[in-house]
Amino acid sequence: MADSSTQVRPGGRSAKVRAAVHHAVAELLAEEEAETLTLPAVAARAGVHPTTLYRRWGSTAQLLNDVATSRFTDDLVVPDSGSLAGDLQRWLADVATDVADPDTLALMRATIGSGPAGGCACVEDRHRQLGAIIRREQDRGGTALDVETAADFLLGPLYYRAIFTPEPASADWARTLVSTYLATLRTP
C-alpha cells in the first residue's frame, strides 16, 4: 500500500480554481484600469463564488501578489554564455522584453499599486536570477559582486522606465546598461 504522505496530487479543484482566477486577473487587467479590479469581478470572470476568493486571498492586494509571484517565478532562463558580460546582457535584455509586454506591465503596475508587498512580488525572482548569474561568475574565478548593488544599477532603471515612462526600455538599451555597469566596475 502506498504511503499517502508521499503521493503527489496532480492538481484537483484547488489548482483549477487558482488557474482560472489567475487567468481572470490577467484578462481583466488587459481590459480595464487596475483600480476597477475587485474580488467579485475576478470571481465572476473566473466562474467561482466570491467567497472562494475572499477565503483564499482575503484582498485584491493579496491576490495580485499571488498572481505576480506566480507570473515572475522561473519565467526566465538564467543564461550561461561563459562570461559575466554575456550572461548579464542576455538576461537583462530578456527582462526588458518581458516588462515591455503590455499584459506584464499592467500586472506590474497593479501589483505595485496594491501595497508595499507588491513590489517584492514583481522583483523577488529577478533578484534570485541575478544572484545565480553573480554566483556563477564567482565560481569561474571572476569578480565578487554585490547582488543588491547590481540590482539597483541594472533593474532600477529598467523598472523605472517600464513603470513610470511611456516607453519601456528596449533589449538594446538594456544591453547598453549592462556595458555601462561593467565599465564602472573596471574604473578605480
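In the predicted model, Leu84, Ala85, Leu88, Gln89, Leu92, Ala93, Ala96 and Thr97 of helix H5 meet Ala171, Ala174, Arg175, Leu177, Val178, Ser179, Tyr181 and Leu182 of helix H9. By class, this contact of H5 with H9 comprises 12 nonpolar, 3 polar and 1 charged residues. Two packed helices are described by the angle between their axes and the distance between the axes. Helix H5 covers residues 84-100, and helix H9 covers residues 171-186. Their axes come within 8 Å and cross at roughly 145°. The crossing of H5 and H9 is right-handed.

Helix H1 spans residues 13-31, and helix H2 spans residues 39-46. The two pack at an angle of about 115°, and their axes are 8 Å apart. Angles of 65 to 115 degrees count as roughly perpendicular, and H1 and H2 are therefore roughly perpendicular to each other. The crossing of H1 and H2 is right-handed. On the H1 side, the contact is made by Ala20, Val21, Ala24, Val25, Glu27, Leu28 and Glu31. On the H2 side, Ala41, Val42, Arg45 and Ala46 take part. The residues of this contact divide into 8 nonpolar, no polar and 3 charged.

The overall chain gives these pairs their setting. The secondary structure comes to 9 helices and 0 strands. Read along the sequence, the pattern is α-α-α-α-α-α-α-α-α. The C-alpha atoms fill a box of roughly 60 × 55 × 25 Å, taken along the principal axes. The protein chain has 188 residues, and buried residues make up 36% of them. Contacts between residues at least 6 apart in sequence were also considered. Of these, 67% join residues at least 24 apart.

Asp87 is found in helix H5. Its relative accessibility is 0%. Buried means under 20%, so Asp87 counts as buried.

Glu137 lies in helix H7, which runs over residues 116-139. At 14% relative accessibility, Glu137 counts as buried. Neighbours within four places in sequence are again left aside. Glu137 is then in contact with Ser83, Leu84, Gly142 and Thr143. Of these partners, Leu84 also belongs to the H5 side of the contact with H9.

One stretch of the chain carries an annotation. UniProt, in an unreviewed entry, places the feature "DNA-binding region" at residues 38-57. Over residues 38-57 the chain is 75% helix and 0% strand. The end C-alpha atoms of this stretch are 12 Å apart. Gly47 is found in the loop between H2 and helix H3, the latter at residues 50-56. Its relative accessibility is 63%. Exposed means over 50%, so Gly47 counts as exposed. Gly47 and Tyr160 are 113 residues apart along the chain. Their C-alpha atoms are separated by 36 Å.

Conventions:
Residues are numbered from 1 along each chain as its sequence is written. This is a predicted model: local features need pLDDT of at least 70, side-chain atom pairs count only at pLDDT 80 or more; totals for chains, interfaces and linings use all residues. Side-chain values use heavy atoms; hydrogens and water are left out. Axes are lines fitted to C-alpha atoms, for helices over the stretch in contact, and angles run from 0 to 180 degrees between N-to-C directions. Helices (H or I, at least four residues) and strands (E, at least two) are DSSP runs, numbered from the N terminus. Angles under 35 degrees count as roughly parallel, over 145 as roughly antiparallel, 65 to 115 as roughly perpendicular and the rest as oblique. A crossing is left-handed if the near helix is turned anticlockwise from the far one by less than a right angle, and right-handed if clockwise. Contact means heavy atoms within 4.5 Å. Ala, Val, Leu, Ile, Met, Phe, Trp, Tyr, Cys and Pro count as nonpolar, Asp, Glu, Lys and Arg as charged, and the others, Gly among them, as polar. Buried means under 20% relative accessible area, exposed over 50%, partly exposed in between (1.4 Å probe, protein chains only). UniProt positions are given in the numbering used here, feature names are shortened, and annotations may be inferred rather than shown by experiment.
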